[in-house]
Amino acid sequence: MDSMELGSKSDAFLRHGRTWSCATGLPSDVVVNVGEMSFHLHKFPLLSRSGVMEKLIAEASDSEDGCVIGLPDIPGGDKTFELVAKFCYGVKLELTAANVVYLRCAAQHLEMTDEYGGSNLVSRTENFLNQFVLRSWKASLRALETCDDDSILLSAEVLRIPSRCIEAMAAMACSDPSIFGWSITENVLGTGDQSNGPRFDWWYEDATSLNLSFYKKLISAMEVKGMKQEIIAGSLTCYAKRYLPSLYGRSDSRSMSTTTLSEEDQRLLIEEIDSLLPTQKGIVPTKFLFNLMKSARILQAKATCIANLERRAGAHLDQATLEDLLIPNASHSTEGLYDVDSVNQILEHFLTMDQIVGDEDDQLLESPSLTPIILVGKLIDGYLAEVASDVNLKLPKFQSLAAAIPEYARPLDDGLYRAIDIYLKSHPWLVESDREALCRLMICQKLSLEGCTHAAQNERLPLRTIIQILFFEQLQFRTSVSGCFLTSGSSSQQLQNENSENRARALKENQTLKVSMESMRMRVAELERECSNMRVEIGKLSKSKGGSKTLTTKWGSVSKKLSSRFKFQMCSTKEGFVSNGNRA
């Protein structure tokens, strides 16, 4: 039920400029001034319904100027009193979620209780609130929005109307949306299609219409009722995007209406959202956290707020992108385009948390994963390369951030070398000592072969660094070549293990063969010397008398000697080889 009708008479109220009158055929006997409007009415309908009007009319009736009373403090002002007057006259009046809070507060202010007529305005508006408004999300939201009016806020707080609306909305948001049927799926979501099941973010955009004070109370009430932290984080993200234009890009602006706030209000909003965000990692989107921190720095939020957001960002650093780290320098100094100090703080928070996680893993006898820290090392190297071209970036800041990454977080230093090279190119005025100090940040042994090749030809690097790189380049080349030979010799480690025994046996056989061949070479040389001596003797014998017979005798003995020796050597070598082969 969206509305309820009060009264049955036709509307007889007429307005002339700033004057209202009731055309009943009777002259007016009382004038009620509310703000800049004057109501020319009749005493009886008013005093019969309101205790306050009864007292004021009694006090003003003795005045010589006629009965004129003023209601400067009535909640809702002249527009609300117009509705109250119509109710007193029994004129048709539509009670809705948009005006029920005004009428409830005005009725309370004028003491329009059942003591001054049955079914008076206090009981009628209270019944409508309880029976209809607080049972509908849309009606509760609309009633709560009207409480933001300064003219009724205090009265509404006294009657606990805002807190009652917030409690009702929190209960509906924390419950299963399907139990509310069409009132949620059609009216709130704008669709009757439930094929994909109920959505738990159906209330996000509605909640963004609340002011910050009511929104905070709504979120707190939801937390008390057990709302999941992921859902609360989603609502906070949606609320922030509406009022903080810097949090989203052009692609998001088409789907999200924005409301312009002053810088002071935006700063206050950021500080409040920071206090409401869940602390668990992985619940709040990483990009949202970094954008919120950027806005906090630009708007110069409290130092505690910025520090807290930096801690949150540090916990999500391994999920961040290079764009997230490009934080504009909010100061007016000439220290660079980007806030390197803030990135350094975020990195310190990440390393601290990573150390804590590592200690916990050690206690559990598990090896901590190096994936997050390696991702962060690569991210920081990319960030250094991005900011290195800034001519106003001081060397100590560059060095401090580059040195903050542990050595084990960089499997290769190619990314760091690239950043150093860009910095040297953008800062050609650096002296040799500063160049050497900068190059000492990288470990030459951790440059890839391609990196070494490029660095060895880089004229911007100091000579000492180039020499070191050349040395390690040669070392890497030798290691690479050796690795190729080892790899080609065996297709797998298993094959190497299977053939190790065969290789050892072959090596032993080759060694035995080498020894035998060396022994044979020495004996052949000895035979050649003996043959030479024999030729000399034969020459001498041929010249002597009776040489023919003697020559025949000598040659037979020498031939037999050579034959027996050569046969012995060959048999000895062959037997050794065969015996070794049999043992193999």
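Trainee: Which residue stands opposite phenylalanine 39 in β5?

Mentor: In this predicted model, tryptophan 20 is the residue that stands opposite phenylalanine 39 in β5. Strand β3, residues 19–22, runs parallel to β5, and 3 bridges join them.

Trainee: What makes β3 and β5 count as paired strands?

Mentor: Pairing asks for at least two bridges between the strands, and β3 and β5 are joined by 3 bridges, so they count as a pair.

Trainee: Why is strand β5 called mostly covered?

Mentor: A residue is buried when its relative accessible area is under 20%, and 4 of the 5 residues of β5, which spans residues 37–41, are buried, so the strand is described as mostly covered.

Trainee: What makes β2 and β6 the edges of the sheet?

Mentor: The open sheet has 5 strands in the order β2-β3-β5-β4-β6, with mixed pairing. Strands β2 (13–16) and β6 (68–70) each have a single partner strand, so one side of each is left without a neighbour in the sheet. From one strand to the next, the twist averages 20°.

Trainee: How is β2 joined to β3?

Mentor: They run antiparallel and are joined by 4 bridges, and phenylalanine 13 has cysteine 22 in β3 as its bridge partner. Helix α3, residues 77–89, packs on the sheet, where it touches β2, β3, β4 and β5, and its direction makes about 10° with that of β5.

Trainee: Why are helices α21 and α23 called roughly parallel?

Mentor: Helix α21 (residues 414–426) and helix α23 (residues 449–456) pack at an angle of about 20°, with their axes 10 Å apart. Angles under 35 degrees count as roughly parallel, and the two helices are therefore roughly parallel to each other. Their crossing is left-handed.

Trainee: Which residues of α21 and α23 meet, and how do they divide by class?

Mentor: Asp414, Tyr417 and Asp421 in α21 meet Gly451, His454 and Ala455 in α23, and by class this contact has 2 nonpolar, 2 polar and 2 charged residues.

Trainee: What makes α20 roughly parallel to α22?

Mentor: Helix α20 (residues 395–403) and helix α22 (residues 432–439) pack at an angle of about 15°, with their axes 10 Å apart. With the limit set at under 35 degrees, that angle makes α20 roughly parallel to α22. In the contact, Leu395, Phe398 and Gln399 in α20 meet Asp434, Ala437 and Leu438 in α22, and these residues divide into 4 nonpolar, 1 polar and 1 charged.

Trainee: Why is serine 119 called partly exposed?

Mentor: Buried means under 20% and exposed means over 50%, and because serine 119 has a relative accessible area of 42%, it is partly exposed. Serine 119 is placed in the loop between α4 (100–109) and α5 (121–131), and its phi is near 50°, a positive value in a residue other than glycine.

Terms used. Residues numbered from 1 in each chain as written. Predicted model: local features only at pLDDT ≥ 70, side-chain atom pairs only at ≥ 80, totals over all residues. Heavy atoms only, no water. Axes fitted to C-alpha atoms, helices over the stretch in contact; angles between N-to-C directions. Parallel < 35°, antiparallel > 145°, perpendicular 65-115°, else oblique. Left-handed = near helix turned anticlockwise from the far one by under 90°. Contact = heavy atoms within 4.5 Å. Nonpolar A, V, L, I, M, F, W, Y, C, P; charged D, E, K, R; others polar. Buried < 20%, exposed > 50% of the residue type's maximum accessible area, 1.4 Å probe, protein only.
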